[in-house]
Amino acid sequence: MTRDQLVTAPDTTPPTLRGAVSGLPSYVPGRRSAGMDIAALASNESHYEPLPAAAAAVAAAAGTMNRYPDMAAVELRERLASHLGVTTGEIAVGPGSVGVLQQIITGLCDAGDEVVFAWRSFEAYPILVELAGARPVRIPLDHLEGHDLDAMAAAVTERTKVVLLCTPNNPTGVPISHEHVEAFLQAVPSSVLVVIDEAYVEYADAGSGPDSLALYRRYPNVCILRTFSKAYGLAGLRVGYAVAASAIAEGLRRTALPFAVSALAQKAAVASLDAGEEMETRVAGVRQERARMAAQLEAQGWKLQPSQGNFLWLRADDELRARLVDAFDSAGIMVRAYQGDGVRITVADPASNNRVLRILEAHAA
């Protein structure tokens, strides 16, 4: 027998993905605009130009992009701590609030653990949970398009590690009141981390949702999750943060992808915090347009729950949803459709909003 005859045939079995990954649904981003006359109202982005201070900070930092960013984000964490009245040890940052949420789930969940959240809510929730090998527990929204906190509390088991409360809820815009969140915190074990996801909190009317910082100071198992992507207009730079007990925040920093938040993003976020009054002026404009659109849609016959985000939600079956999407597409308006549930429309500039109102008037009941 020759040496060539002794050589076995190579194994041609290709590498395979983990089962959790193979069956994972893809996150569906809002569709992008492809022309000057397209109204891109699918991604809940700010429709204002970047804050001048943030743009200037990015331009100034661009000359150092050959260097790694500060992995600990010390300057940003110090500025956030001062802004919120907490310590730097209680702050963890990441690439958008969704990046921080991945750090939370990775840091707290082992395979088979459970994460409870309302549904429909932020589309990334089940994806991040399943990616970690944990089990998503979806609790249907109540008849007012909000969180059914009694049902969520009843769904908590000994395997539950995290509960996600999205307020105002994406995509329905419905907030959770302070009293209801506090009652929920009293009903669930203190060993369960309750994440109050406030990606749209700047758009909410005062008092419509929880005082999350007050709850955090009273309940050590509360974690606040926020982002600079929405009201601050930094969606393209990806920076978000969590406020949590020091031991939890330290764990979140350990699970973070190294250097995930760029130096430009960190500088822009600091500058944005310093330009808070200008941001509030812009937010007031969104609130005004949101109220105007809601009033006109209700006059047209649409049934809406009051939204506290920078978007409006139309509950629609698949037949109506398809008709609306076709009508919006034909008019050059991009909205976000959810199969079996409805349509979400970002509040933008008055001219774009008027285009939306004209389409919906033609399809009102």
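**Entry 1: strand E12**

I began with E12 and asked how much of this strand is covered: five of its five residues are buried. I kept in mind that the model is predicted. Next I checked which way the residues point. Gly 342, Arg 344 and Thr 346 go one way from E12, while Val 343 and Ile 345 go the other way.

I then went through the pairings. E9 and E12 are joined by five bridges, and on that side Trp 313 stands opposite Arg 344. Three bridges join E11 to E12 (residues 342-346). There, Arg 336 has Arg 344 as its bridge partner, and Tyr 338 stands opposite Gly 342. I also looked at the hairpin of E11 and E12: three residues lie between the strands, and Gly 340 takes a positive phi near 80°.

**Entry 2: the nonpolar cores**

Ile 345 turned up again when I looked at the largest nonpolar core, which has 80 residues. Ile 345 is among those that touch the most other members, together with Leu 76, Met 152, Leu 165, Phe 228, Phe 328 and Leu 360. Which helix gives the most to this core? I found H12 (residues 276-300), with six residues. Apart from this core lies another, of 24 residues, including Ile 105, Val 115, Val 129 and Val 195.

Leaving out residues up to four places away in sequence, Phe 328 touches Ile 333, Val 335, Ile 345, Val 356, Ile 359 and Leu 360.

**Entry 3: Lys 230**

UniProt, in an unreviewed entry, lists Lys 230 for "modified residue: N6-(pyridoxal phosphate)lysine". Where is Lys 230 found? I traced Lys 230 to the loop between E7 and strand E8 (240-243). Is Lys 230 buried or exposed? Its relative accessible area is 16%, so Lys 230 counts as buried, the cut-off being under 20%. With residues up to four places away in sequence left out, I noted Ser 43, Asn 44, Ser 46, Ala 199, Tyr 200 and Tyr 203 as the residues Lys 230 touches.

**Entry 4: helix H8**

In H8 (residues 178-187) I found His 178, Val 181, Glu 182, Phe 184 and Leu 185 buried. Why do they line one face of the helix?

**Entry 5: helix H3**

Last, I checked H3 (residues 52-61), whose buried residues are Ala 54, Ala 57 and Ala 61. Their arc around the axis is only 60°, so they sit on the same side of H3. An α-helix has 3.6 residues a turn, so residues three or four places apart point the same way. The buried residues of H3 pack against helix H11 (263-274), whereas Ala 59 and Ala 60 are exposed on the other side of H3.

Methods: Residues are numbered from 1 along each chain as its sequence is written. This is a predicted model: local features need pLDDT of at least 70, side-chain atom pairs count only at pLDDT 80 or more; totals for chains, interfaces and linings use all residues. Side-chain values use heavy atoms; hydrogens and water are left out. Buried means under 20% relative accessible area, exposed over 50%, partly exposed in between (1.4 Å probe, protein chains only). Helices (H or I, at least four residues) and strands (E, at least two) are DSSP runs, numbered from the N terminus. Two strands pair if DSSP finds at least two bridges between them. A nonpolar core is a set of buried Ala, Val, Leu, Ile, Met, Phe, Trp, Tyr and Cys residues joined through side-chain atoms within 4.5 Å. Contact means heavy atoms within 4.5 Å. The arc is that of the directions from the helix axis to the C-beta atoms. UniProt positions are given in the numbering used here, feature names are shortened, and annotations may be inferred rather than shown by experiment.
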